[in-house]
Amino acid sequence: GGPAGSIKEDGSLWTWGNNYTGQIGNGATAATSSPAQIGSLTDWGTIRCDNNNMGSIKTDGTLWMWGRNGDGQLGDGTTTNRSSPVQIGSLTTWTKLSIGAASSCAIKTDGTLWAWGQNTHGGLGNGNTTTESSPIQIGGLTTWAEVANGSYFSLAVKTDGTLWAWGEGANGKLGDGGYTTSQCSPVQVGSLTDWSKPASGAGYSSCIKTDGTFWVWGNGESGQLGLGSGTKGAVNDSPIQLGSLTNWRTSCIESSSTNASAAIKTDGTLWAWGSNNLGTLGQGNTTANSSPVQVGSLTTWLEATSGNRAMFGTISV
């Protein structure tokens, strides 16, 4: 598995798991099986993780990254791995962060979109395929609201509710109607203006609309689209609705090739689907599910997130 991290209510940062590139940020490279606090600061605001690295935006708006950096995905201007959090620049205007397989994206308080890291398939969205080890602005717009960085591609929603995608287009994961075509700059997905919360993983994508409906596209070979056994192996290059419910609140996609998804409804219940050979779905077994199944019976789930071959959730107590 990969690393994991959590921020407590007191603002302290805790991490655990695989650490061979320093991705849990404790200054070492040995794995840990229990949560351990990183430093003593209590101003951590959000945390995001992928297989080999982590990042966080503090409550003061500063951006910090650590872990593997061979593709410049930490954004510190180098390709040197970091086993402790390092600040990216000196700005205090970062607000949204998403970490993918070898690159990262972030949005500032002024609504601008920034990216850094590997760019082989145009995953940075800056119109070329040149890797960048420091954050670069994507276009000149100031209307970006949400971003989700997957495996060599990204999704983003603007303040007008439009959905945009760029990067590697294999398996239709961009949702723009092209099964394999990559895009080096953001392209609009359809023409609707009611998109809200995007999520992206290794080979597929999802987005929740403002009406609470859930939409999926990309590779469904392991049932990870949640569309049921009849469409388990289907590849969809445009968004298709998952069921007919209108009470989906937030979601996440497992970031490696494990092919699992999770989502939380407005009633606080947690649901998961897809591949389950490592117990990723939290069912107490390893049986795959091609439709959403509830995880336990709690109604206090607040947020779902993922690392490499694992899912994590936060509950209210």
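Rings of Phe, Tyr and Trp (its six-membered ring) pair if their centres lie within 6.5 Å; planes under 30 degrees apart count as stacked, over 60 as edge-to-face and the rest as tilted. This is a predicted model, where local features need pLDDT of at least 70 and side-chain atom pairs count only at pLDDT 80 or more, while totals for chains, interfaces and linings use all residues. Residues are numbered from 1 along each chain as its sequence is written, and side-chain values use heavy atoms, with hydrogens and water left out.

**Exercise 1. Find the cluster that ring pairs build from Trp 44, and look for a charge over one of its rings.**

Step 1: ring pairs link Trp 44 with Trp 64 and Trp 66 in a cluster.

Step 2: check for charges, using NZ of Lys or CZ of Arg within 6 Å of the ring centre and within 35 degrees of the ring normal. The charged end of Lys 58 passes, sitting over the Trp 64 ring at 4.0 Å from its centre.

Step 3: run the check on Trp 195 too, and you'll get Lys 209 over its face, 4.7 Å from the ring centre.

**Exercise 2. Work out how Phe 214 and Trp 273 are arranged, and what the pair ties together.**

Step 1: the model holds eleven aromatic pairs. In this one, the centres are 5.7 Å apart and the planes make 75 degrees, which is edge-to-face.

Step 2: Phe 214 is in β18 (residues 214-219) and Trp 273 in β22 (residues 270-274), so the pair ties together parts 59 residues apart in sequence.

Step 3: Trp 248 lies in β20, so its pair with Trp 273 in β22 bridges 25 residues of sequence.

**Exercise 3. Where does Lys 173 sit, and is the residue buried or exposed?**

Step 1: look in the loop between β14 (163-167) and β15 (183-188).

Step 2: relative accessibility is 2%, so Lys 173 counts as buried.

Step 3: list contacts (heavy atoms within 4.5 Å). Beyond its neighbours within four places in sequence, Lys 173 touches residues including Phe 153, Glu 168, Tyr 204 and Trp 217.

How values were computed: Helices (H or I, at least four residues) and strands (E, at least two) are DSSP runs, numbered from the N terminus. Buried means under 20% relative accessible area, exposed over 50%, partly exposed in between (1.4 Å probe, protein chains only).
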